[in-house]
Amino acid sequence: MTVAAANAQTTSSRTAVRHDWHRGEIEALFALPFNDLMFRAATVHRQFFDPNAVQVSTLLSIKTGACPEDCKYCSQSGHYNTELEKEKLLEVARVVEEAKAARDKGASRFCMGAAWRSPREKDMPYVLDMVRQVKALGMETCMTLGMLDENQARNLAEAGLDYYNHNLDTSPEYYGQVITTRTYNDRLNTLANVRDAGMKVCCGGIIGMGENRDDRVGLLQQLANLPHHPESVPINMLVKIEGTPLANVDDLDPLEFVRTVAVARILMPESYVRLSAGRQEMHDEAQALCFLAGANSIFYGERLLTTDNPEATHDRQLFQRLGIHPLDPRHEASDEAHEEALRAQVAEQQAEEQGEEQGLFYDAMSKRPAKHVLDRDTGRPTAGATLDS
């Protein structure tokens, strides 16, 4: 970790984590000059994370196609002819093999997705076994299975599921233009069931579905004003698929996508903001801007459920070009250690400011007070470790 990165963590006051954002405030963030927005987002990012660490996940479709929902962006919907080959629920052994391969390629989290409205009771024992066996590999686990009731959420949590993904997709106002087979409140109820069961929440949306900026504001407001921010916030760029109603929607300006990432970072400073679907269509320069804006998680691998994703080798090359390294959350420091290191840094900053006010000076060539080191795996300050130790 460089001195500059460590110094960026030292602030007199940390950005407040809020759950009461007004639309006008979010609109004002979107309207900032691009450079100002990027600077603000990057500053917030550095207060909570190592800016050069990115969490890496891999996503596998464990049951493909024939979904009864009518999401207008989805190749797996049974309402549209996308020529997608339907598959039954994968065998547990096959899922474990895929998880091992993902781990060997550098993924720390394995996500499993099934094209269901909600899990069927006859499938739950197999799903729960998948969670247990992938967890036994030392990986974090995530699933997206559609809507969950309280009992299903509790069973998944008891099996060891770390994260559950259930996106809001878009704003409440635009939602009916995209989906009619389940309501916005259905989605919010599933999120509440997941949270009550003790699992972490992965929840974001899709950008570029023909919505306007007001809808992007509305989506982020919904996410930021949840009682607890999602631990992971995937920001997807629409992948246009032949046969779906959104196949011919106009392309979104890539800089508007970057703006959305930056605003998400400011509104939810402690969350991982993930670049998800759509990276295959993004130039490396756009992805680099997203990382600068505070994105610190990606999906890694050649497929995202049924759509293409950049090859793992290309991602490794991009990481190398940008000086980014994968983050391993399995070694995350405790919250107590995190807060202790931050208090030490704030006290140090205040002491320096007080010294300047009293007219005290120092020799620029002399040894400065030690700066705390950020843990390479977690991006959090490590208690007791300094750049001079």
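The points below describe selected features of a predicted model.

1. Basis. This is a predicted model, in which local features need pLDDT of at least 70 and side-chain atom pairs count only at pLDDT 80 or more, while totals for chains, interfaces and linings use all residues. Residues are numbered from 1 along each chain as its sequence is written, and side-chain values use heavy atoms, with hydrogens and water left out.

2. Helix H5. Helices (H or I, at least four residues) and strands (E, at least two) are DSSP runs, numbered from the N terminus. Helix H5 has twelve residues, 124–135. The expected span of a helix is 1.5 Å times one less than its number of residues; for H5 this gives 16 Å, which agrees with the 16 Å between its end C-alpha atoms.

3. The buried side of H5. Buried means under 20% relative accessible area, exposed over 50%, and partly exposed in between (1.4 Å probe, protein chains only). In H5 the buried residues are Met124, Val127, Leu128, Met130, Val131 and Val134. Their arc around the axis is only 150 degrees, which puts them on the same side of H5; the arc is that of the directions from the helix axis to the C-beta atoms. An α-helix has 3.6 residues a turn, so residues three or four places apart point the same way. The partners against which the buried residues of H5 pack are strand E1 (53–63), helix H4 (92–104), strand E2 (109–114), strand E3 (140–144) and helix H6 (150–159).

4. First annotated group. The UniProt annotation "binding site", from an unreviewed entry, covers Cys67, Cys71 and Cys74. UniProt positions are given in the numbering used here, feature names are shortened, and annotations may be inferred rather than shown by experiment. Cysteine 67 lies in the loop between E1 and H4 and is buried at 10% relative accessibility. Cysteine 71 is in the loop between E1 and H4 and is buried at 9%.

5. Second annotated group. UniProt (unreviewed entry) also places a "binding site" feature at Cys111, Cys142, Cys202 and Arg274. These residues are spread over 164 residues of sequence but cluster in space, with a largest C-alpha distance of 13.9 Å.

6. Two members of that group. Cysteine 142 belongs to strand E3 and is buried, at 3% relative accessibility. Contact means heavy atoms within 4.5 Å. Leaving aside neighbours within four places in sequence, the contacts of cysteine 142 include Arg109, Cys111 and Tyr163. Arginine 274 is in strand E8 (residues 272–275) and is buried, at 1%. With neighbours within four places again left aside, the contacts of arginine 274 include Arg109, Cys202 and Phe299.

7. Charges over rings. A charge sits over a ring if NZ of Lys or CZ of Arg is within 6 Å of the ring centre and within 35 degrees of the ring normal. Arginine 109 lies over the face of tyrosine 163, 3.8 Å from the ring centre. The charged end of arginine 18 sits over the ring of tryptophan 21, 4.0 Å from its centre.

8. Aromatic pairs. Rings of Phe, Tyr and Trp (its six-membered ring) pair if their centres lie within 6.5 Å; planes under 30 degrees apart count as stacked, over 60 as edge-to-face and the rest as tilted. The structure holds three aromatic pairs. One of them joins tyrosine 175 and tyrosine 184, edge-to-face, at 5.2 Å centre to centre with 85 degrees between the planes. Tyrosine 175 is buried at 4%, and tyrosine 184 is buried at 10%.
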